[in-house]
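Hi,

Here is the structure I said I would pass on.

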Amino acid sequence: ACRSTGALSLSTKINNAQPPRRFYVLRHGQTDSNAAGILQGSSDVSRLTSKGREQASIIGSVALPSITSSCNQIDTIYTSPLTRARETLDILRESAPSNTL
């Protein structure tokens, strides 16, 4: 079970090193350009394929719960403004269990 340690004094925080932060990097799901072998760079013309939407859904429903178990918490999410990245994030949010994201 996760327990909060409550408020700590500044000297306690300095003397007791905090555990390292973890960063997770996730690439968008497969796009129509990816499937055709086309490098899309920063262009915003391609969209997720059905496989790309399925990939995002699997990450949301399977991988995120395992990441957030054991008291790990996702505090902040950054995403590209490109449609493929935003759509991937939307699908993650829809498929992830409550309170995961």
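This is a predicted model: local features need pLDDT of at least 70, side-chain atom pairs count only at pLDDT 80 or more; totals for chains, interfaces and linings use all residues.

**What I found**

Residues are numbered from 1 along each chain as its sequence is written, and side-chain values use heavy atoms, with hydrogens and water left out.

Back to serine 46, which sits in the loop between α2 (32–35) and α3 (50–68). Its relative accessible area is 1%, so serine 46 counts as buried (buried is under 20% relative accessible area, exposed is over 50%, and partly exposed is in between, with a 1.4 Å probe and protein chains only).

The side chains of arginine 47 and aspartate 44 form a salt bridge at 3.8 Å, N to O; the rule asks for a side-chain nitrogen of Lys or Arg within 4 Å of a carboxyl oxygen of Asp or Glu. That rule gives a count of 1 salt bridge. Both partners are partly exposed, arginine 47 with a relative accessible area of 36% and aspartate 44 with 31%.

As for the overall fold, the protein has 4 helices and 0 strands, in the order α-α-α-α along the sequence. Helices here are DSSP runs of H or I with at least four residues, strands are runs of E with at least two, and numbering goes from the N terminus. Of the contacts between residues at least 6 apart in sequence, 62% join residues at least 24 apart. Buried residues account for 23% of the 101 residues.

Which residues make up the largest nonpolar core? There are 5 in all: Leu64, Ile67, Leu89, Leu92 and Ala96. The elements giving two or more residues to this core are α3 and α4. By definition, such a core is a set of buried Ala, Val, Leu, Ile, Met, Phe, Trp, Tyr and Cys residues joined through side-chain atoms within 4.5 Å.

Last, the loop between α3 and α4 (83–95) holds serine 69, which is partly exposed at 32% relative accessibility. Its C-alpha atom is separated by 9.3 Å from that of threonine 100, 31 residues apart along the chain.

Cheers

Methods
Contact means heavy atoms within 4.5 Å.
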